[in-house]
Structure formats: C-alpha cells, structure tokens
Amino acid sequence: MSYTHSRLEEKVYKTISMLLVSKKLYSVPENAFVTIRRVELSSDTKNATVYYSFLGDEKMRAKVHNALSSSSSIIQKSLASALQTKNTPKLLFKEDSLFEELVHSRQITEDILKKNEE
C-alpha cells in the first residue's frame, strides 16, 4: 500500500494512540495518562520520532519513557500489519515539552501583568 508522507505520519500516530487507549501496552503505567502528541517521519520514512506527553511526577517520567521504548517492538509489529508497507519505521520516543513550555510562558506573562498593575 502506498501513502503520502503526511498520511503515513497520521496512520502511525493513530495506530500508536489506539494501542495506548486499548491498554495493549502493558508496560506503560496506567496512572501516567500518556498522550501521543505528534509523529515526525524522516524523509525516507525509515525512522519515526514519536512525541508524547504525560501527567505525572519526575519518577513517572523515566517509567513512561522506558515503557514506551521497551514496547517499540510490539508497536512496530502492530504498525507493520496496520500499514502494510514495504518498511516499518523504526521508532524513537521523545517527551514533547511544548505543553510545559506554554504553561511556563503563561506564568511569566501573568507575573509581568501583575507587576504592571501594581
């Protein structure tokens, strides 16, 4: 089956998200509330960076990353059957810090506004 680059990214995103929702990745802690934020495929589609976020503390951060990384073979097997392409992208999991950066930026903005009101 042939996909456009963006369509393939979307299919990888949806497949991994469904695995999380269906609790098929047993190593991922249930109380971590992991969300796949986006997927970026390399131009040759042999590698995919999967950006995720989660709710939890510092201890949970390492658990979530290790769980996702150790589940990559299970995920790739599911991707292979879902994509039905010649190659299945190799997965690299990275925490998406965009949400934390936005919260931090908002806090800075609110602090500045409060100071200006004084």
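Me: Which residue takes a positive phi near 60 degrees in the hairpin of β1 and β2?
Reply: This is a predicted model. Its strands β1 and β2 form a hairpin with five residues between them. The residue there with a positive phi near 60 degrees is T45.

Me: How many bridges join β1 to β2, and in which direction do the strands run?
Reply: In β2, A48 is the bridge partner of L41. The two strands run antiparallel. The number of bridges that join β1 to β2 is six.

Me: Which residue in β3 does A48 stand opposite?
Reply: Strand β2 also pairs with β3, through six bridges. This pair runs parallel. On the β3 side, the residue opposite A48 is L91.

Me: How many of the seven residues of strand β2 are buried?
Reply: Strand β2 covers residues 47-53. Buried means under 20% relative accessible area. The strand is mostly covered, and the count of buried residues is six.

Me: Is S72 buried or exposed?
Reply: S72 lies in helix α3, residues 72-83. Leaving out residues up to four places away in sequence, S72 touches L91 and F93. Its relative accessible area is 17%, and the cut-off for buried is under 20%. S72 is therefore buried.

Me: What is the separation of the C-alpha atoms of T88 and Q76?
Reply: T88 is placed in the loop between α3 and β3. Q76 is among the residues T88 touches, along with K46, L79 and A80, when residues up to four places away in sequence are not counted. T88 and Q76 are twelve residues apart along the chain. Their C-alpha atoms are separated by 6.7 Å.

Me: Why does T88 count as partly exposed?
Reply: Partly exposed covers the range between buried, under 20%, and exposed, over 50%. T88 counts as partly exposed because its relative accessibility is 26%.
The value that decides the class is 26%.

Me: Which side chain does the side chain of D96 join in a polar contact of 3.0 Å?
Reply: D96 is found in the loop between β3 (90-95) and α4 (98-117). Not counting residues up to four places away in sequence, D96 touches R37, R38, Y51, Y52 and S53. The side chain that makes the 3.0 Å polar contact with D96 is that of R38.

Me: Why does D96 count as buried?
Reply: The cut-off for buried is under 20% relative accessible area. D96 counts as buried because its relative accessibility falls under that cut-off. The value for D96 is 8%.

Me: Which element gives the largest share of the lining of the largest pocket?
Reply: The largest pocket holds about 290 Å³ of space. The elements that give two or more residues to its lining are α1 (5-21) and β1 (35-41). Five residues make up the largest share, and they come from α1.

Me: How many of the residues lining the largest pocket are nonpolar?
Reply: The lining has 16 residues, of which L20, V21, K23, V28 and V34 lie nearest the centre of the pocket. Two lining residues are polar and two are charged. The number of nonpolar residues is twelve.

Notes
Residues numbered from 1 in each chain as written. Predicted model: local features only at pLDDT ≥ 70, side-chain atom pairs only at ≥ 80, totals over all residues. Heavy atoms only, no water. 1 Å grid on protein atoms, 1.4 Å probe; cavity = no way out; pocket = protein on both sides within 12 Å on 5 of 7 lines; lining within 4 Å. Points joined across faces, edges and corners; volume = space filled by probe spheres on them. Helix = DSSP H or I, 4+ residues; strand = E, 2+ residues; numbered from the N terminus. Nonpolar A, V, L, I, M, F, W, Y, C, P; charged D, E, K, R; others polar. Buried < 20%, exposed > 50% of the residue type's maximum accessible area, 1.4 Å probe, protein only. Polar contact = N/O pair within 3.5 Å; in protein donor to acceptor, adjacent residues only side chain to side chain. Contact = heavy atoms within 4.5 Å. Pairing = 2+ DSSP bridges.
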